[in-house]
Amino acid sequence: MAAVPLGDRIRAVLDVALRVPCIFIIDAIFNSYRDPSAGRLDIAAQILLRLLAVLLSSVVLVLSQQALLKFYTFSLAFLLAATSVSVNYYTTLHLNIYHAYYKEAFGLDVDLSNGPSVWMALAILQLFFGIGYVTLLQLQSNYSHLIILNLLLPVTGLILGLAPHLQQILVLISALVLTLQTAMCLILKMKKFYYSTRYIYLLIKHMYRVYGLQLLIEDTWKRIRLPDVLRVFWLTRLAAQAVMLVYVLKIAENSTPYLISWNDFWDVVCNLIISGCDSTLTVMGMSAVISSIAHYLGLGILSFIGSTEEEDKRLGFVAPVLFFILALQTGLSGLKPEERLVRLSRNMCLLLTAILHFVHGMTDPVLMSLSASHVSSFRRHFPVLLVSTCLFFVPIFLSYVLWHYYALNTWLFAVTAFCVELCLKVIVSLTVYTLFMVDGYYNVLWEKLDDYVYYVRSTGNIIEFVFGVIMFGNGAYTMMFESGSKIRACMMCLHAYFNIYLQAKNGWKTFMNRRTAVKKINSLPEVKGTQLSEIDDVCAICYHEFQTAARVTPCHHYFHALCLRKWLYIQDTCPMCHQKVYMEDDLQEGAPVDNHQEIVVQEQEIVVQEQEIVVQEQENALAGQAGAAAAAAENELNVLNVDHDDSTDCDEEEWTVEPRRANAEEEYLNDTDSGGD
């Protein structure tokens with residue numbers, strides 16, 4: 001994999017870091033306090049301001065990288081201008097107050113404003129503000145000099161020792177000039193901002209029409225790196241709260257710095273966890289952190305067991321989605337702090353069991369592949385068996401701990417059911433693995449192996465289906481008597497469709513396919529004994545010799561009954577010549593079909609079809625000749641009529657009224673047709 005250039009990494013980091021403040025602003029607006037005693041007008045004004053702030057933050061959040069850099073450049077320039085004006089104002093005001101205080105208290109006329117250390121520091125600070133403002137806005141050299149001199153104007157008043165009211169007038173003039181300059185910059189940039197906004201709007205509209213809303217959201221999600229933004233937001237917020245909590249704790253206890261007791265540490269962790277999911281945005285941030293942890297956990301497990309399946313790398317997507325759905329389903333962010341901590345711990349237990357189920361789905365194909373391919377290397381089997389063993393004992397340990405500390409309720413019942421189901425899945429996988437390993441060890445065709453594997457897996461699927469029905473009943477009880485919500489109802493509908501209906505449908509389909517395959521096998525003749533030794537051939541599927549019996553297809557190909565049955569699970573044709581393998585219902589009194597007779601019949605049908613085509617062509621040719629003869633007769637008749645009437649303009653009534661002429665025409669046409677034939 002090619003290394004990412006350093007410049008691209010820096011731009012990616014800046015792209016994420018510059019979007020994080022927007023999330024902080026939106027989160028602060030949603031968590032801000034609302035005064036219920038305020039009037040309706042005040043409440044409406046507050047709501048309007050919050051909506052405008054959220055809208056502006058959202059627009060900045062989805063800006064392109066170049067537009068985002070320009071936005072922060074202008075914002076920083078305006079911030080420097082406001083800071084410069086504030087420093088000039090407060091410095092002038094406070095220095096005059098200190099001067100009056102010293103004169104009143106000590107009778108000394110100390111002119112602090114003329115101190116070189118004071119005005120030199122102010123001049124350097126204003127130069128820094130002015131150069132930064134001019135550089136960020138990229139002003140021309142003439143204007144830039146004037147702006148810097150304008151910022152140094154109040155400092156000049158301090159140096160000259162002007163009266164306080166004159167110094168305040170200079171500060172006001174400097175602020176007005178800087179404000180006018182900033183307004184002019186905004187007006188000049190407004191046209192470019194309008195065209196940029198219109199371009200973005202047209203681009204979004206075009207993408208929505210062409211690709212749809214889903215692809216538009218996915219493209220925006222990837223372009224702004226929203227998971228990384230949420231992750232940085234949550235971790236930064238958590239770190240800031242941790243520093244504040246530890247600082248307050250150290251001040252309250254007045255203890256040794258950098259050292260806290262275990263109880264205080266646990267209280268800090270609990271408070272951080274509680275505040276880390278107090279809003280929808282913080283829940284999304286926690287989901288992003290869980291996504292990162294689950295992603296690297298999945299990659300580590302895949303690397304350990306030696307799997308290369310791309311679909312198994314979805315743990316980083318499945319885990320955060322489940323956590324977010326559980327948080328919405330239980331109303332996590334709206335609970336009280338104590339209830340929120342308890343509910344979060346319960347959701348984490350459910351998420352852990354779901355992750356263990358997903359890990360089992362990653363290890364089961366590798367386990368079956370190693371056993372079916374008869375890999376003899378212990379180093380390849382040990383990691384998968386170790387993970388499978390852990391998947392068996394971890395749910396047992398989790399259930400034991402939970403039953404030891406909690407009383408039975410719907411949540412504990414659900415976690416226990418998931419743990420028991422996972423243990424049964426692991427037992428089924430290890431049993432099938434053992435059967436395949438025994439089959440490979442003896443190196444003898446085990447005709448009942450497929451049946452045993454089917455029985456074991458069917459038993460596991462039936463148990464899993466029963467657990468799905470039980471979990472549906474548990475969820476229905478929870479929704480009706482404990483915490484009902486629309487999200488829980490939707491999740492129950494999805495569970496009923498995917499985990500109950502589809503599972504039952506697929507199981508019944510598999511059962512019918514096996515039943516049909518058995519009927520097909522029983523409809524084929526079986527060769528045993530001396531006839532089998534006369535074949536002197538191998539099975540065309542497994543390439544093993546025939547030991548006890550063989551099945552003969554209508555096309556006279558020989559296979560093991562087990563091998564052919566596995567093939568018939570997929571399609572109803574011969575593996576060698578792809579002719580249809582007939583079932584017993586299609587045979588006449590169970591007699592085998594002769595392939596040679598079938599070919600002869602097909603050839604006869606082809607000959608008949610060719611004869612029919614020749615006859616049809618002859619009929620078409622005769623019809624064409626008859627049409628040509630009729631056309632020639634009609635021309636001759638027209639000539640005769642012209643000679644007889646001595647006129648080129650003949651009435652059509654004469655051809656219809658006179659019967660003898662019509663009869664003569666019919667006789668002539670008939671004679672012409674018979675002559676042509």
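Guide: A nonpolar patch joins side chains of Val, Leu, Ile, Met, Phe, Trp or Tyr within 5 Å, from residues with over 30% relative accessible area and no salt bridge. Areas are Shrake-Rupley values with a 1.4 Å probe, and for residues only the protein chains shown count as cover. A salt bridge puts a side-chain nitrogen of Lys or Arg within 4 Å of a carboxyl oxygen of Asp or Glu.

The model is predicted: local features need pLDDT of at least 70, side-chain atom pairs need 80 or more, and totals for chains, interfaces and linings use all residues. Numbering starts from 1 along each chain as its sequence is written, and side-chain values use heavy atoms, without hydrogens or water.

Now the patch. Leu160, Leu162, Leu166, Ile169, Ile173 and Val177 make about 480 Å² of nonpolar surface. Helix α7 gives the largest share, four residues. Helices here are DSSP runs (H or I, at least four residues), numbered from the N terminus. Take Ile173, which sits in α7. Ile173 has a relative accessible area of 40%, so it is partly exposed; that class lies between buried (under 20%) and exposed (over 50%).

Stay with α7, which spans residues 164-211. This helix also supplies 13 residues to the lining of the second largest pocket, the largest share. A pocket is an open set of 1 Å grid points with protein on both sides within 12 Å along at least five of seven lines, and a lining residue has an atom within 4 Å of a point. The second largest pocket holds about 1200 Å³. Its lining counts 34 residues, with Leu63, Ala67, Phe193, Ser196 and Ile200 nearest the centre. Other helices that supply at least two residues each include α3 (40-61), α4 (65-106), α5 (116-137) and α8 (213-223). By class, the pocket lining has 21 nonpolar, eight polar and five charged residues.

A cavity is a set of points where a 1.4 Å probe fits but cannot get out. The volume of the largest cavity is about 30 Å³. Around the cavity sit His360, Thr363, Asp364, Leu367, Ser388, Val426, Ser429 and Leu430. Helices α13 (337-372) and α15 (410-442) each bring at least two of the lining residues. The largest share is that of α13, with four. The cavity lining divides into three nonpolar, four polar and one charged residues.

Last, the charged pairs. The count is nine salt bridges. In one of them, Asp15 pairs with Arg19, with the closest N and O atoms 2.8 Å apart. Asp15 and Arg19 are both buried. Together with Arg225, Asp15 and Arg19 are linked in a network of salt bridges.

Asp27 and Arg237 form another bridge, at 3.5 Å from N to O. This pair ties distant parts of the chain: Asp27 lies in α2 (20-30) and Arg237 in α9 (226-253), 210 residues apart. Asp27 is buried because its relative accessible area is 5%. Arg237 has 12%, so it too counts as buried.

Helix α9 also holds a local pair. Asp228 bridges to Arg231, with 2.6 Å between the closest N and O atoms. Asp228 and Arg231 are three residues apart in α9, about one turn of the helix. Asp228 is partly exposed, at 31%. Arg231 is buried, at 18%.

Conventions. Points joined across faces, edges and corners; volume = space filled by probe spheres on them. Nonpolar A, V, L, I, M, F, W, Y, C, P; charged D, E, K, R; others polar. Patch = residues over 30% accessible without salt bridge, like charges linked within 9 Å, V, L, I, M, F, W, Y side chains within 5 Å. Buried < 20%, exposed > 50% of the residue type's maximum accessible area, 1.4 Å probe, protein only.
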